[in-house]
Amino acid sequence: KGYNMTMAIINLLPILLVYMLFKWGYSPLTMLIVNICIWGILFGLARFYFMKHNCGMSYRLAFQQLIIPTILPFLISLGIALIPQMVMAEGFLRFSITSTIGVLSYLLIFLFYGLSNKEAKSLNRFIKKCKKLYIK
């Protein structure tokens with residue numbers, strides 16, 4: 001009950017905040033930033049609170065097993081993807097190269113760093129099953 005109420009309030013919060021910011025003259029881009037911050041960060045914090053409160057999960061364990069394996073590859077791939085942004089002129093080619101490098105670097109880093117041994121083995125089994133079904 002408390003979880004659902006908290007999530008409902010967090011879900012409604014951006015509407016009020018964005019309305020106030022638009023009233024004060026902020027650009028429409030502000031809506032995206034507010035939504036990312038509130039839905040990404042506040043939802044995550046609320047979920048961690050309720051994981052601890054209802055399930056007794058350790059914040060340290062959650063940080064080690066959930067946050068670091070996803071955030072670290074993201075930050076590294078973001079750094080890699082920013083290289084073309086700095087050296088190329090603005091345009092579709094830069095967009096395409098940056099997007100491709102960002103996605104591929106995230107996938108590779110996540111596959112080699114972000115997955116535990118158990119997850120990597122499960123992924124390998126799944127890929128092998130897919131190959132048997134679709135590649136003959």
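Here we look at the fold first and then at one helix.

Reply: This is a predicted model, where local features need pLDDT of at least 70, side-chain atom pairs count only at pLDDT 80 or more, and totals for chains, interfaces and linings use all residues. Residues are numbered from 1 along each chain as its sequence is written, and side-chain values use heavy atoms, with hydrogens and water left out.

Me: How many helices and strands does the protein have?

Reply: Helices (H or I, at least four residues) and strands (E, at least two) are DSSP runs, numbered from the N terminus. Here there are 5 helices and 0 strands, giving the pattern α-α-α-α-α along the sequence.

Me: What span should helix H2 have?

Reply: The expected span is 1.5 Å times one less than the number of residues. H2 (residues 29–55) has 27 residues and so should span 39 Å; its end C-alpha atoms are 37 Å apart, which agrees. After H2 comes Gly-56, with a positive phi near 75°.

Me: Which residues of H2 are buried?

Reply: Buried means under 20% relative accessible area (1.4 Å probe, protein chains only). In an α-helix there are 3.6 residues a turn, so residues three or four places apart point the same way. The buried residues of H2 include Val-34, Ile-38, Phe-43 and Phe-50.

Me: What do the buried residues of H2 pack against?

Reply: Contact means heavy atoms within 4.5 Å. The partners are helix H1 (2–23) and helix H3 (59–87). Across the protein, buried residues make up 20% of the 136 residues.

Methods. Buried means under 20% relative accessible area, exposed over 50%, partly exposed in between (1.4 Å probe, protein chains only).
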